[in-house]
Amino acid sequence: MDILERIKKDAGGPIGMYQAYSHGYFSFPKLEGDIGPRMKFRGREVLNWSLNNYLGLANHPEVRKADADGAAEFGMAAPMGARMMSGQTKYHEQLERELAAFVGKEDAFLLNFGYQGMISIIDCLLTRKDVVVYDAESHACIIDGLRMHTGKRFVFGHNDMESLRKQLGHAKKVAAETGGGVLVITEGVFGMKGDLGKLDEIVALKKEFDFRLLVDDAHGFGTMGPDGRGTAHHFGAIEGVDVLFNTFAKSMAGIGAFVASHKYVIDFLRYNMRSQTYAKSLPMPMVIGAFKRLELIKTHPEYLQKLWNIVDALQNGFRDRGFDTGVTQSPVTPVFLKGDIPEATNLVVDLRENHNLFCSVVVYPVIPKGEIILRIIPTAVHTLEDVEYTLKCFDSIRGKLESGEYRKPMPNMADK
């Protein structure tokens, strides 16, 4: 079949098939105005719980000024070229040193994007002889990176240490046959359910099995551990994490990422990561702005404390009211409800249109049929009043969901 005809017939895949009524409302919604708890959605102000702006830095005046000053001094074009060829600057090098010191590693390497970066890290570290063991609920960037791996891979049940032990046994045998090594991949904070990877228990298994550990701590950097140094520090396991990945897209409220490890590992990545070797260097305004963000994280511990004050109030409030927030141990706050897709869509419309409350909704095929997750992301710039209002809104929608009020045809919000 012709490629474009197949695409036309497919109608967008498992998610895109709903675009006729969801586009611009449930998918690709436009949140407008200054980033914060109050933004505009379709011309109306909404209480916004959908952005990973954990520490409230996205609209911080010092951050805005640093971004503007960086753009004014250097423009968006500088530096021109890839780092290896013509895009290296003293600022990139200095930021790498400061990031490495903050997370407790010997060296770090700046990456242009988080998603692309993780894919390329996996591709770069592994040969076809190597064996990978990874958590079943790993982020899509990890899965996509593993698709490029031509060697053997094993998946262990999510945070199931007995399953990991079993798969490590298989991996050890295969690696002995191929002459390769074993890499375990997991996350510090799992972004959907908010639970933590059991980094201390995984590191402890190194005594029994010979492997290296790569951790994606996108949601943990800035939110977990002393001073926001990350989930590995939360567990006191930073020495056992061989390669640590963090993104700027969440607590740092920016663009870019970095990988931290031993100097010899970082040197290898610098010279062999194809996504960086053949891509333009991270623009100077992003680098200059990252200095200010990191400075604020290090010098204002009250931002982290404010975040956790809101997290505790919100999550305890949900639990006190009998809502199921699962096993979250992080700011990521999922609320689990029962219902099908029409009920989920009607519920979300009610929240947005009648309560002026905006949060993300997750349904099948991302999660099993009959389940609904309303995913709420608290930040340091939310207030306790925001929390109390949200809890009351959720009391209202739960009553309607249980009474069957939402069992009606799905609204076509794309035309409104």
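Helices H4 and H13 run roughly antiparallel (an angle over 145 degrees), in a predicted model where local features need pLDDT of at least 70, side-chain atom pairs count only at 80 or more, and totals for chains, interfaces and linings use all residues. Residues are numbered from 1 along each chain as its sequence is written, and side-chain values use heavy atoms, without hydrogens and water. H13 also packs with helix H5.

**H4 and H13**
- H4 (61-74) and H13 (residues 284-299) pack at about 155 degrees, with axes 8 Å apart.
- Their crossing is right-handed (the near helix is turned clockwise from the far one by less than a right angle).
- Contact (heavy atoms within 4.5 Å) involves residues including Ala-66, Gly-70 and Phe-74 of H4 and Ile-288, Gly-289 and Leu-296 of H13.
- By class, this contact has eight nonpolar, two polar and four charged residues, with Gly counted as polar.

**H5 and H13**
- H5 (residues 90-103) packs on H13 at about 30 degrees, with axes 10 Å apart.
- H5 is therefore roughly parallel to H13 (under 35 degrees).
- The contact includes Leu-95, Leu-99 and Phe-102 of H5 and Val-287, Phe-291 and Leu-294 of H13.
- This contact has 11 nonpolar, two polar and two charged residues.

**Ser-50**
- Ser-50 sits in the loop between strand E3 (44-48) and H4.
- Ser-50 is buried (under 20% relative accessible area), at 15%.
- Its side chain makes a polar contact of 2.6 Å with that of Asn-48 (an N or O pair within 3.5 Å, one able to donate a hydrogen and the other to accept it).
- Beyond neighbours within four places in sequence, Ser-50 contacts Leu-31, Phe-358, Cys-359 and Ser-360.

Conventions:
Helix = DSSP H or I, 4+ residues; strand = E, 2+ residues; numbered from the N terminus. Buried < 20%, exposed > 50% of the residue type's maximum accessible area, 1.4 Å probe, protein only. Axes fitted to C-alpha atoms, helices over the stretch in contact; angles between N-to-C directions. Parallel < 35°, antiparallel > 145°, perpendicular 65-115°, else oblique.
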